[in-house]
Amino acid sequence: MVTFVSSLALLLLGFLLYGKVVDKVFSPSAKRTTPAFSMRDDVDYLPMSTWRVYLIQFLNIAGTGPIYGAILGILYGPAAFLWIVFGCIFAGSVHDYFTGMISIRKGGASIPEIVGDELGTTARQVMRVISLVLLILIGAVFTRTPAELVAGMTPTNGFWGSSIFWLIVVILYYVLATLLPIDKLIGRIYPLFGGVFIFMAVCLCYGIFFGQGTVPEVTEAFTNHYPGGDIPVFPCLCITIACGAISGFHATQSPLMARCIKDERHGRKVFYGAMITEGFVALIWAAAAIKFADTLNVAGATPYEKLMNLMTEGGAHSANPAVLVNAICSSWLGVIGSILAVLGVVIAPVTSGDTAFRSARLIIAEIFRLKQNKLGKRLTLTLPLFAVTLFLFFIDFQILWRYSAWTNETLACIALWAYTVWLVRAGKNHFVTLIPALFMTMVCTTYICIAEEGFRFSPNIAYLIGATMTVTLAILFCVWHAKSRKV
């Protein structure tokens, strides 16, 4: 329990101390007019109150990520706590902060345009493709998943209780959320759901502190506890827990709120703060998962084996964290917990899917320089997006989805390199983004070399390739930096 409490304290200190360091590096100014005013169109660009922007940002980046990722990540052991804390403070929050703040400085630009401005035309095109593929894939999965979950909870037989009916309902909501001005639907329901999301996590703390079972300490962090032990902690843990530590998906979402923030000085609360909040949620779910699993009556099994067994009940081919979410909430929180569990496994993916499509629309609009102030123009871009999504429903894209985890972190890695270049050109301390950029380079390169969906090299070879790539990029950056100082 000492490790868990210390982790919570470190996250808070990270926001209060390192968040100020990062904010000072960027140097926000109240004198600069934000895009919410300078580019106001009352659709995507419009000023909103800071608390509302913060809650929308939190739910935009959260979804099921800090729940499911943390639950799967704790299977590796308390190393998950370390990754959440240090990844969130020094990588994820920095990544989200600079995405939002540089987007503000660039008139609300999306991540492909930010990267393209700093790393060149080729990088811009690559990021456009990566971002759109990731967003459409996330949108497709987070359309099917909640529809099937609600259908399973619906007592009505026939069409009205089928997954097809709920699929139609979810798609209609997505269309509205993508087309309507951001303050009309998302701006009204997201703060409510964001508050519920945080409330659910806080309620779980009662079970963590006063329930039966134990939470492992950091002394066990350097042992691989993953059932079977054949999956290495590094880099697999860093890919498993993305939301809650660092996620490239956030880079597609932060510009949404960069278009609504009133004052640059609020950026630390909105962007850095929302990511720290997500870290808190991830820590709580990781601790709750392993403590709850420790109470299960499975003779001779470790808590990690018990957790895996619970999530694969019924002969499932892969672990299903939704099973655990429902079990914990129902057991610890009763009727209220059951309601919160439904919100967690249904509402959370929906609130990731709708902003995924909205972000995709805006990225396409930037590519073709199409203004989005008219409904007809927004509809022109929205309908093809959903046509592609509907096509994905009829093919087996489970293998493609496995690549999305690596693609997600690779997007974050490229974004960090772009922010590093931006800081160098601005004459600011670039080490705040350079160090996490190098670390994520090692993570992404090693993972694709070692993963089942990658090259399947042995760990030693994968680590060697990852280290070589990281050192090479570090040398190339130093050479470029030296030349840039002479210009």
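Leaving aside its neighbours within four places in sequence, which residues is Asp96 in contact with?

Reply: A word on the source comes before the details. This is a predicted model.

Start with the place of Asp96. Asp96 is found in helix α5, which covers residues 79-105. Is Asp96 buried or exposed? Its relative accessibility is 0%. Buried means under 20%, so Asp96 counts as buried.

Now the contacts. Neighbours within four places in sequence are left aside here. Asp96 is then in contact with Ile61, Ser247, His250, Ser254, Phe271 and Met275. One further pair gives a sense of distance. Asp96 and Ala418 are 322 residues apart in sequence. In space, their C-alpha atoms are 13 Å apart.

Next comes the helix that carries Asp96. Asp96 belongs to α5, and the axis of α5 comes within 8 Å of the axis of α12. The two axes cross at roughly 155 degrees. An angle over 145 degrees counts as roughly antiparallel, so that is the term for α5 and α12. The crossing of α5 past α12 is right-handed. By class, the residues of this contact divide into 17 nonpolar, five polar and two charged.

Helix α12 spans residues 267-294. It also packs with another helix. That partner is α1, residues 2-26. The axes of α1 and α12 come within 10 Å. They cross at roughly 165 degrees. Helices α1 and α12 are therefore roughly antiparallel as well. Here too the crossing is right-handed, with α1 passing α12. The contact of α1 with α12 has 14 nonpolar residues, five polar ones and four charged ones.

Follow α1 to the loop between α1 and α2, where Ser27 has its place. Phi of Ser27 is near 65 degrees. That is a positive value in a residue other than glycine. With a relative accessible area of 38%, Ser27 is partly exposed.

Now turn to the core. The largest nonpolar core has 157 residues. Phe98, Trp285 and Tyr419 touch the most other members. Helix α14, residues 321-368, gives the most to this core, with 19 residues.

Helix α14 deserves a stop. Pro321 has its place in α14. Its relative accessible area is 6%, and Pro321 is buried. Beyond four places in sequence, Pro321 is in contact with Tyr68, Ile71, Leu72 and Met311. Pro321 and Ser247 are 74 residues apart along the chain. Their C-alpha atoms are separated by 19 Å.

At 1% relative accessibility, Thr351 counts as buried. Leaving aside neighbours within four places, Thr351 is in contact with Leu59, Tyr190 and Phe193.

Arg369 lies in the loop between α14 and α15. Its phi is positive, about 55 degrees, although Arg369 is not a glycine. At 77% relative accessibility, Arg369 counts as exposed.

Helix α10, residues 233-240, packs with helix α17, residues 431-450. The angle is about 105 degrees, and the axes are 9 Å apart. Angles of 65 to 115 degrees count as roughly perpendicular, so α10 and α17 are described that way.

Residues on the two sides can be named. From α10 come Phe234, Pro235, Cys236, Cys238 and Ile239. They meet Phe439, Met442, Val443, Thr446, Tyr447 and Ile450 in α17. By class, this contact has 10 nonpolar residues, one polar and no charged. Pro235 lies in α10. The peptide bond from Phe234 to Pro235 is cis, with omega near 10 degrees.

Back to the starting point.

Notes:
Residues numbered from 1 in each chain as written. Predicted model: local features only at pLDDT ≥ 70, side-chain atom pairs only at ≥ 80, totals over all residues. Heavy atoms only, no water. Core = buried A, V, L, I, M, F, W, Y, C linked by side-chain atoms within 4.5 Å. Buried < 20%, exposed > 50% of the residue type's maximum accessible area, 1.4 Å probe, protein only. Helix = DSSP H or I, 4+ residues; strand = E, 2+ residues; numbered from the N terminus. Axes fitted to C-alpha atoms, helices over the stretch in contact; angles between N-to-C directions. Parallel < 35°, antiparallel > 145°, perpendicular 65-115°, else oblique. Left-handed = near helix turned anticlockwise from the far one by under 90°. Nonpolar A, V, L, I, M, F, W, Y, C, P; charged D, E, K, R; others polar. Contact = heavy atoms within 4.5 Å.
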